[in-house]
Amino acid sequence: MPSPDSLRAAIRDVVDFPTPGIVFKDITPILGDAALFRDAITLLAESAAGQKIDKVVGIDARGFIFAAAVADRIGAGFVPVRKKGKLPWKTKQVAYSLEYGESVVELHEDAVLPGETVLLVDDLLATGGTAGAALKLLDQLGAKVVGVAFLIELGFLNGRSQLGSHKIESILIFD
Ligand code: AMP
């Protein structure tokens with residue numbers, strides 16, 4: 001199994017992006033390196049080992065990159081959770097709080113069938129608002145979420161507390 005250490009070393013901290021006070025975890029150096037990108041997908045896919053996954057659900061937008069590759073790796077379908085107004089078919093919607101104000105995420109109402117098994121994937125867990133909203137959408141569709149996987153978790157923000165009793169796996173935790 002690949003070591004997460006080289007992934008950690010490749011992440012670039014960008015101070016005050018997109019707003020003052022935020023340290024943005026730039027994962028593009030991982031994406032641009034064939035071996036690191038493959039290792040990241042291997043480690044994320046491992047979080048679903050031994051389980052039958054029907055759909056890997058990715059969150060707009062960096063989550064798509066990882067979730068789609070994991071879906072291909074484990075032989076599952078891919079489903080996008082998108083920001084409001086992007087999906088063309090009938091959707092379910094959930095609003096959630098951001099640092100300032102509110103945002104809405106959507107899922108096609110037929111994207112996951114009741115009882116289908118799902119692995120939810122995103123690049124980063126911060127406050128947990130985004131992943132929590134995605135889990136609410138999946139719950140509305142009757143999905144059986146068997147795991148939630150992040151490449152990065154900002155442990156000091158305690159986003160896990162927003163994600164109920166789901167099995168959460170983060171490859172890299174920053175404290
Ligand atoms: P949250 O809803 O607070 O858990 O934020 C998670 C979403 O915002 C993820 O989809 C991330 O892509 C993005 N995000 C939040 N904080 C950061 C950060 N410090 N660096 C990079 N992405 C972030």
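Student: Is F78 buried, partly exposed or exposed?
Tutor: This is a predicted model, where local features need pLDDT of at least 70, side-chain atom pairs count only at pLDDT 80 or more, and totals for chains, interfaces and linings use all residues. Residues are numbered from 1 along each chain as its sequence is written, and side-chain values use heavy atoms, without hydrogens and water. Buried means under 20% relative accessible area, exposed over 50%, partly exposed in between (1.4 Å probe, protein chains only). F78 has 34% relative accessibility, so the residue counts as partly exposed.

Student: How many aromatic pairs does the structure hold?
Tutor: Rings of Phe, Tyr and Trp (its six-membered ring) pair if their centres lie within 6.5 Å. Planes under 30 degrees apart count as stacked, over 60 as edge-to-face and the rest as tilted. The number of aromatic pairs is three.

Student: What is the angle between the planes of F37 and F66?
Tutor: F37 and F66 form an edge-to-face pair, 6.2 Å centre to centre. F66 is buried at 0% relative accessibility, whereas F37 is partly exposed at 23%. The angle between the F37 and F66 planes is 65°.

Student: Why is the pair of F64 and F78 edge-to-face?
Tutor: The ring centres of F64 and F78 are 5.9 Å apart. Their planes stand at 85°, so the pair is edge-to-face.

Student: Which residue lies over the face of F174, at 3.9 Å from the ring centre?
Tutor: A charge sits over a ring if NZ of Lys or CZ of Arg is within 6 Å of the ring centre and within 35 degrees of the ring normal. The charged end of R8 sits over the F174 ring at 4.7 Å from its centre. The residue at 3.9 Å is K25.
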